[in-house]
Amino acid sequence: EIYQCDWSSDVCSSDLASQLPDIQQAFDWVFKEYKGFLELVTCHVPGPGKLLDIGSGIGQVPALFQQWGWEVEGIEYSQVAAQFAREVFGVNVRHGEFLDLPLADQHYDLVTLTGVLEHLPYPRQVLQKSWKILKPGGHLALIVPNYSSLGASLFGPCWYGCDAPRHLYHFTPPQLYDLLDQCGFTVLGETQNFLIHNAFILKESLFYYIRIMRSSNRYSAERN
């Protein structure tokens, strides 16, 4: 139910066109960040081909792949966000829950989950279904926060990547590799080179840590 909240209703109204300049500016950094992700993917994935993006949000990730010549589809639980993706970014994003939608077996060359898996209550089932709908030799590309990162070690529960309660799971690379192996995947490569996003996470973690410390000092008292 945490994942199912319609978060996008706060940023996307029915008047989508009037919001385009502000939304585009806000997500310019996302396009820059995911270009590096796309370059990593294309090192291992022959393409273009058929792509399914799970948890598309407002559609910036499938839109980026579409610019690179991929035949893209997306699935997004938020009806408002899916509408925005179709009308503003021009990508085919369906409204619905991935596990509930009927999808053809062995149909896609690539499945992507960018900042999604940690939000889902059933990550194993999502990966298993992803394996099922991929063609033989198909690929899965995903992005999740690294719970063994330097930022997570420094800030602990104040690490912004925890994002509680919206993040239901935290993954370290060994844990994720083990889960992927159990679901039929072989890891081909990884990158932690998301400089803009990592800098943002560290900055927000520091601000959150300072707020917590100030709050703790404000209400601390010595016992008689």
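In what order do the elements of the protein run from the N terminus on? The order is α-α-β-α-β-α-β-β-α-β-α-α-α, which comprises eight helices and five strands (DSSP runs, numbered from the N terminus, with helices being H or I of at least four residues and strands E of at least two). This is a predicted model, in which local features need pLDDT of at least 70 and side-chain atom pairs count only at pLDDT 80 or more, while totals for chains, interfaces and linings use all residues. Residues are numbered from 1 along each chain as its sequence is written, and side-chain values use heavy atoms, with hydrogens and water left out.

**Burial and contacts**
- Of the 224 residues, 42% are buried (under 20% relative accessible area, with exposed meaning over 50% and partly exposed in between; 1.4 Å probe, protein chains only).
- Among contacts (heavy atoms within 4.5 Å) with a separation of 6 or more, 69% join residues 24 or more positions apart.

**Helix H4**
- Helix H4 spans residues 79-89, and its buried residues are Ala81, Ala82, Phe84, Ala85 and Phe89.
- These buried residues line one face of H4, because they fall within an arc of 155 degrees seen down the axis (taken from the directions from the helix axis to the C-beta atoms).
- The face turned away from the buried side carries the exposed residues Gln79 and Glu87.
- Just after H4, Gly90 adopts a positive phi of about 70 degrees.

**Ring interaction**
- Lys129 lies over the face of Phe98, at 4.9 Å from the ring centre (the criterion is NZ of Lys or CZ of Arg within 6 Å of the ring centre and within 35 degrees of the ring normal).
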